[in-house]
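Let us walk through this structure together, one region at a time. Keep the viewer open and follow along.

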Amino acid sequence: MIRPLLVLLSFISVIFLPWLVTIVLVLVVATLEPLLPFAIGIFADTLYYHTASSSYPRYALLGIGVTVAVLFVRSQLRTSIIRR
Amino acid sequence: MRKTFSARHNALFSSTELSWGAYALTFSVFLLLIRLAAPNFFLQVCAPIFRSADYLTAETQRFFASFSDTASLALANGNLLEQNNALINENQTLIQKTASLEALLGSATDETAKRAGEILAGVVARPPESPYDVLVLAQGSQAGVAIGQEAYGAGGVPIGVVSSVTSDFSRVTLFSSWGMDVHGWIGSATLPLTIQGVGGGSLIASISRAANIAVGDIVSVPGPGALPIGKVVRIDSDPSSPSVVLRIMPILNPFSITWVVLRDSGAMFGNALRSATSTQL
């Protein structure tokens with residue numbers, strides 16, 4: 001039950017909380033939900049992206065990078081001999 | 001050989017662990033499509049959310065700014081420090097004033113403080129602000145000050161005579177004033193001599209060589225008894241003269257007198273005052 005609450009809190013933090021809090025929260029929740037950084041990045045760009053501020057959707061790209069990194073780390077942990 | 005599928009080794013698409021992340025991603029993509037398809041509708045829907053977020057952000061910043069306004073806190077702290085320093089200085093002034101008054105009048109239980117006919121006066125101006133060897137006092141005829149009254153400094157040391165009086169102020173001509181002649185005594189034998197003021201806070205006296213006066217002997221003037229006013233600091237001796245000249249330093253530094261007591265001691269000092277050339281009325 002904690003996961004949906006953390007996901008919801010991450011979306012709310014994009015709107016109401018400082019961006020540093022959002023980053024920390026998303027990084028923490030990303031260990032449980034690896035796709036969340038990508039989703040939050042798209043959500044942030046959906047709300048705030050404008051061509052005058054940036055030529056590319058930086059939040060979405062940053063979210064993709066974090067998601068890929070988290071998934072890579074998770075895959076390495078699961079296939080390592082430590083878990084066997 | 002049968003190959004089995006293991007979901008544990010496919011971490012990228014484990015449906016059981018990515019479900020809420022996938023839902024979130026789906027929701028975000030859905031919102032993105034709405035914005036791309038109907039940007040005006042999207043902004044109309046999001047506008048109240050943005051306004052509430054702006055309001056919340058402003059209130060939050062104002063709340064924390066009340067704690068982090070270091071400039072106003074530093075200013076208030078500086079003002080308090082200045083007030084504290086002013087109070088400390090005022091306290092020191094009052095302590096010094098109390099000590100001066102106790103030195104003049106004794107403690108509150110001292111009977112000398114209750115003697116009638118004494119006038120306590122603060123020194124408004126002293127050398128070098130006032131003319132040399134003259135003190136200006138903040139008491140005048142309204143307080144009972146009269147010409148000829150004797151002025152006493154701390155410890156009951158005679159320092160001069162009231163030479164002029166106005167309604168609110170008065171002037172005291174010190175014994176060291178030029179032309180001021182006072183009869184007094186010197187030494188433990190109380191040998192009589194005439195003390196002359198030579199200006200600049202200095203006194204001289206002439207006495208016979210046979211008196212065997214030494215440096216450090218105390219010079220006194222009449223008051224209630226013999227009151228010391230100075231001590232011999234140098235003896236000028238001329239072999240051709242039967243007398244020696246004594247250089248006398250007043251006990252009280254006229255430059256540092258802050259309070260005096262005025263008391264009528266008779267016509268003795270009034271006569272001395274009339275011989276002072278610089279304080280003729």
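**A buried serine and what surrounds it**

Ser163(B) is buried, with a relative accessible area of 1%; buried means under 20% relative accessible area, exposed over 50% and partly exposed in between, with a 1.4 Å probe and protein chains only. You will find Ser163(B) in strand 4 (residues 158-165) of chain B. Helices (H or I, at least four residues) and strands (E, at least two) are DSSP runs, numbered from the N terminus. The side chain of Ser163(B) makes a polar contact with the side chain of Thr173(B), at 2.9 Å. A polar contact is a pair of N or O atoms within 3.5 Å; within protein, one must be able to donate a hydrogen and the other to accept it, and residues adjacent in sequence count only if both atoms are side-chain atoms.

A word on the ground rules: this is a predicted model, in which local features need pLDDT of at least 70 and side-chain atom pairs count only at pLDDT 80 or more, while totals for chains, interfaces and linings use all residues. Residues are numbered from 1 along each chain as its sequence is written, chains are lettered from A and ligands numbered from 1 in the order in which they are written, and side-chain values use heavy atoms, with hydrogens and water left out.

Now turn to chain A, which has 4 helices and 0 strands. Of its 84 residues, 40% are buried. Where do the nonpolar residues gather? The largest nonpolar core has 23 residues, and those with the most contacts inside it include Phe11(A), Phe43(A) and Ala24(B). Such a core is a set of buried Ala, Val, Leu, Ile, Met, Phe, Trp, Tyr and Cys residues joined through side-chain atoms within 4.5 Å. Two or more residues each come from helix 1 (2-16), helix 2 (19-30) and helix 3 (36-48) of chain A, together with helix 1 (19-37) and helix 2 (39-68) of chain B. Helix 3 of chain A gives the largest share, 7 residues. A second, separate core of 18 residues includes Val161(B) and Leu246(B).

Leaving aside its neighbours within four places in sequence, Phe11(A) is in contact (heavy atoms within 4.5 Å) with residues including Leu36(A), Ile40(A), Phe43(A) and Phe27(B).

Over all chains, the structure holds 5 aromatic pairs. Rings of Phe, Tyr and Trp (its six-membered ring) pair if their centres lie within 6.5 Å; planes under 30 degrees apart count as stacked, over 60 as edge-to-face and the rest as tilted. The rings of Phe11(A) and Phe43(A) have centres 4.9 Å apart and planes at 75 degrees, so this pair is edge-to-face. Phe11(A) lies in helix 1 and Phe43(A) in helix 3 of chain A, so the pair ties together parts 32 residues apart in sequence. Ring pairs link Phe11(A), Phe43(A) and Phe27(B) into a cluster.

Finally, look at the strands of chain B. Strand 6 (residues 181-186) and strand 9 (residues 218-223) run antiparallel and are joined by 2 bridges; two strands pair if DSSP finds at least two bridges between them. Strand 9 of chain B is also joined by 6 bridges to strand 10 (residues 225-237), again antiparallel. These two, strand 9 and strand 10 of chain B, form a hairpin with 1 residue between them.
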